[in-house]
Amino acid sequence: MDDRGGGSFVAVRRVSPQGLLDRNNTCQTTSGSTAWLSCVCAQGTEDDSRPSFDLTPEQEDCLMRLQNRLDIAYDSSVPEHQESLLALWKAAFPEEELHGLISEQWKEMGWQGKDPSTDFRGGGFISLENLLYFARNFPKSFQDLLRKQEGDRSMWEYPFAVAGVNITFMLIQMLDLEAVKPRTLVGATFLKFLSDNESAFNLLYCVAFALMDHLWLAMHASYMDFNAVMKLTRHQLEKELLEENITRLEELPSYAHLLGNS
């Protein structure tokens with residue numbers, strides 16, 4: 001375990017040569033478990049004096065619709081949210097019956113406790129939508145990352161689901177999606193992809209997750225390195241999004257990592 005800046009986080013131990021999670025004791029936590037969500041992706045204070053980029057009416061509409069999604073907090077009392085969470089479990093473990101929305105079983109997926117709703121506060125409902133999109137559209141890659149089946153893994157691994165929430169949060173920051181207009185070139189560039197494909201944020205999320213895992217393996221990382229891996233993931237995505245010859249997200253070099261596991 002690690003405790004930095006007053007926060008703590010979960011590590012998932014790799015106990016099988018095949019990299020499968022220990023389904024009886026997947027995660028261990030210390031007090032203040034949700035602190036990991038708020039500390040690993042912090043990028044420092046942004047300068048609000050940055051210039052903004054003009055948008056076309058279509059891009060403004062797309063940004064507004066995405067921002068509306070960002071504003072939705074996960075609410076365990078909302079039937080749609082309950083159904084989405086249950087759908088995520090079924091996609092992850094189709095052969096295993098879930099015994100409740102609050103259950104120790106959720107630790108098998110890499111949540112920090114028996115109630116996933118406590119982990120969504122860092123990313124909101126969209127972080128659940130991102131995970132569900134990943135599971136439905138790239139099921140092989142999703143399963144490989146969930147079960148840590150690829151590569152030479154460390155003894156202590158990142159928790160899959162909580163890492164997914166962190167990736168959502170990182171992308172929101174990287175793309176400056178909460179601003180009225182993008183104030184970075186990478187944010188403005190992304191809106192061009194979004195106007196062509198309204199699922200662009202979901203797709204970029206999948207690419208980011210596959211890239212993060214690829215870098216994790218390349219760096220021979222363990223749980224103490226998660227922050228460094230996430231920063232490198234963000235840097236690589238920013239670089240690729242700004243390449244002149246990229247016209248679709250599927251053309252990003254890191255998209256190959258997603259296909260390589262699907």
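What share of the contacts in the protein chain with a separation of 6 or more comes from residues 24 or more positions apart? In this predicted model, residues 24 or more positions apart account for 70% of those contacts. The protein chain contains 10 helices and 5 strands, and 51% of its 262 residues count as buried.

In soluble globular proteins, nonpolar side chains tend to be buried together. Here the largest nonpolar core has 72 residues, and those with the most contacts inside it are Met109, Trp111, Leu171, Phe190, Leu204 and Phe209. Helix 8, which spans residues 200-218, supplies the largest share of this core, with 15 residues. When residues up to four places away in sequence are not counted, Phe209 touches Leu131, Phe134, Leu145, Tyr158, Phe160, Ala163, Gly164 and Ile167.

**Two helix pairs**

The axes of helix 2 (residues 57-70) and helix 7 (residues 185-196) come within 9 Å and cross at roughly 90°, which makes helix 2 roughly perpendicular to helix 7. On the side of helix 2 this contact is made by Glu58, Gln59, Cys62, Leu63 and Leu66, and on the side of helix 7 by Phe190, Leu191, Lys192, Leu194 and Ser195. Sorted by class, the contact of helix 2 with helix 7 has 6 nonpolar, 2 polar and 2 charged residues.

For helix 4 (residues 125-137) and helix 5 (residues 139-146), the axes come within 5 Å and cross at roughly 115°. Helix 4 contributes Leu131, Phe134, Ala135, Arg136 and Asn137 to the contact, while helix 5 contributes Pro139, Ser141, Phe142 and Leu145. By class, the contact of helix 4 with helix 5 has 6 nonpolar, 2 polar and 1 charged residues. Among the residues of this contact are Leu131, Phe134 and Leu145, and these residues are also touched by Phe209.

**Buried polar and charged residues**

| Residue | Location | Relative accessible area |
|---|---|---|
| Ser84 | helix 3 (residues 79-92) | 13% |
| Asp119 | loop between helix 3 and helix 4 | 0% |
| Lys148 | loop between helix 5 and strand 5 (156-157) | 2% |
| Asp176 | loop between helix 6 (160-174) and helix 7 | 10% |

Ser84 counts as buried because its relative accessible area is 13%, under the cut-off of 20%. Leaving aside its neighbours within four places in sequence, Ser84 is in contact with Phe125, Leu128 and Leu132. Asp119, which is buried with a relative accessible area of 0%, has a polar side-chain atom that lies 2.9 Å from the backbone nitrogen of Gln112.

The backbone angles of the remaining two residues deserve a separate look. Most residues other than glycine have a negative phi. Lys148, however, has a phi near 55°, a positive value in a residue other than glycine, and Asp176 has a positive phi of about 55° although it is not a glycine. Lys148 is placed in the loop between helix 5 and strand 5 and is buried at 2% relative accessibility, whereas Asp176 is placed in the loop between helix 6 and helix 7 and is buried at 10% relative accessibility.

Terms used: Residues are numbered from 1 along each chain as its sequence is written. This is a predicted model: local features need pLDDT of at least 70, side-chain atom pairs count only at pLDDT 80 or more; totals for chains, interfaces and linings use all residues. Side-chain values use heavy atoms; hydrogens and water are left out. Helices (H or I, at least four residues) and strands (E, at least two) are DSSP runs, numbered from the N terminus. Buried means under 20% relative accessible area, exposed over 50%, partly exposed in between (1.4 Å probe, protein chains only). Contact means heavy atoms within 4.5 Å. Axes are lines fitted to C-alpha atoms, for helices over the stretch in contact, and angles run from 0 to 180 degrees between N-to-C directions. Angles under 35 degrees count as roughly parallel, over 145 as roughly antiparallel, 65 to 115 as roughly perpendicular and the rest as oblique. Ala, Val, Leu, Ile, Met, Phe, Trp, Tyr, Cys and Pro count as nonpolar, Asp, Glu, Lys and Arg as charged, and the others, Gly among them, as polar. A nonpolar core is a set of buried Ala, Val, Leu, Ile, Met, Phe, Trp, Tyr and Cys residues joined through side-chain atoms within 4.5 Å. A polar contact is a pair of N or O atoms within 3.5 Å; within protein, one must be able to donate a hydrogen and the other to accept it, and residues adjacent in sequence count only if both atoms are side-chain atoms.
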